[in-house]
Amino acid sequence: MAGAAERQPVNKDIPETESRVPETAPRAWLGEVGLNGFAPYLMNRIMGRYNADLRREMAALGLSTAKMRALAVLSVVDGIQLSQLGVYAVVEQSTLSRAVESLVNDGLVRRETDPDDQRASRIYLTRAGRTAFDRLWPHMAASHDRMFEGIPDEERHAFLGTLHRMLGNIRQHEY
């Protein structure tokens with residue numbers, strides 16, 4: 001098998017210097033690392049399972065994953081701008097706009113013009129939204145606890161610290 005340094009760029013129309021991130025040493029390819037050695041794959045798989053575990057409870061409340069994430073964020077950081085909500089909820093702007101509009105129509109959130117920036121809106125959780133989130137939270141917490149079952153608190157705290165450092169490495173916003 002050829003080493004990573006001998007590989008050709010995937011897109012032969014783009015010169016090697018433009019198709020790759022600069023690196024100081026040859027990197028292993030995904031096939032060499034394997035899916036179980038690639039953190040983004042494992043993180044996506046874990047979140048996919050987490051979301052799937054909550055699907056029945058979300059459906060009973062008329063919520064999609066995007067709506068659930070918006071309610072969860074607003075339960076902690078209420079009254080933020082729509083753009084900030086998108087970052088915290090990890091939802092694309094167009095998907096979030098539709099989700100928030102639906103949440104507004106369902107009476108779970110309200111949208112107000114930002115007094116400091118008339119072009120922006122702030123999103124607030126309503127009493128009904130708080131009630132819906134409070135019904136979902138025990139299921140979210142139980143799913144979270146299952147993920148950490150058998151993992152000592154010290155390891156869990158170290159893992160969370162590592163995640164915060166990783167987020168700091170790739171963060172594009174101050175929040």
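This is a predicted model: local features need pLDDT of at least 70, side-chain atom pairs count only at pLDDT 80 or more; totals for chains, interfaces and linings use all residues.
1. I would start at the sheet, where Q81 stands opposite R122 in β3. Residues are numbered from 1 along each chain as its sequence is written, and side-chain values use heavy atoms, with hydrogens and water left out.

2. The protein chain holds 8 helices and 3 strands, and from the N terminus on these elements follow the order α-α-α-α-β-α-α-β-β-α-α. Of its 175 residues, 28% are buried, where buried means under 20% relative accessible area, exposed means over 50%, and partly exposed lies in between, with a 1.4 Å probe and protein chains only.

3. The 3 strands form an open sheet in the order β1-β3-β2, with antiparallel pairing, and its edge strands are β1 (80-81) and β2, each of which pairs on one side only. Two strands are said to pair if DSSP finds at least two bridges between them. Between β1 and β3 there are 2 bridges, whereas β2 (residues 109-114) and β3 (residues 117-125) are paired over 6 bridges. A hairpin of 2 residues joins β2 to β3, and R110 has Y124 in β3 as its bridge partner.

4. Which residues have the most contacts inside the largest nonpolar core? They are L63, L71, L85, V109 and M140, in a core of 29 residues; such a core is a set of buried Ala, Val, Leu, Ile, Met, Phe, Trp, Tyr and Cys residues joined through side-chain atoms within 4.5 Å. At least two residues of this core come from each of α3, α4, α5, α6 (93-105), β3 and α7, and α4 gives the most, with 7 residues. Leaving aside residues up to four places away in sequence, L71 touches L63, L103, L108, V109, L125, G129, A132 and F133, a contact being heavy atoms within 4.5 Å.

5. The largest pocket contains about 2100 Å³ of space. A pocket here is an open set of points on a 1 Å grid over the protein atoms alone, where a 1.4 Å probe fits, with protein on both sides within 12 Å along at least five of seven lines, and lining residues have an atom within 4 Å of a point. Among the 41 lining residues, M47, Y88, V90, L163 and L167 are the closest to the centre of the pocket. The lining divides into 31 nonpolar, 8 polar and 2 charged residues, where Ala, Val, Leu, Ile, Met, Phe, Trp, Tyr, Cys and Pro count as nonpolar, Asp, Glu, Lys and Arg as charged, and the others, Gly among them, as polar. The helix α3 gives the most to this lining, with 9 residues.

6. A52, in helix α3, is partly exposed, with a relative accessible area of 22%.

Methods: Helices (H or I, at least four residues) and strands (E, at least two) are DSSP runs, numbered from the N terminus. Grid points are joined across faces, edges and corners, and a volume is the space filled by probe spheres set on the points.
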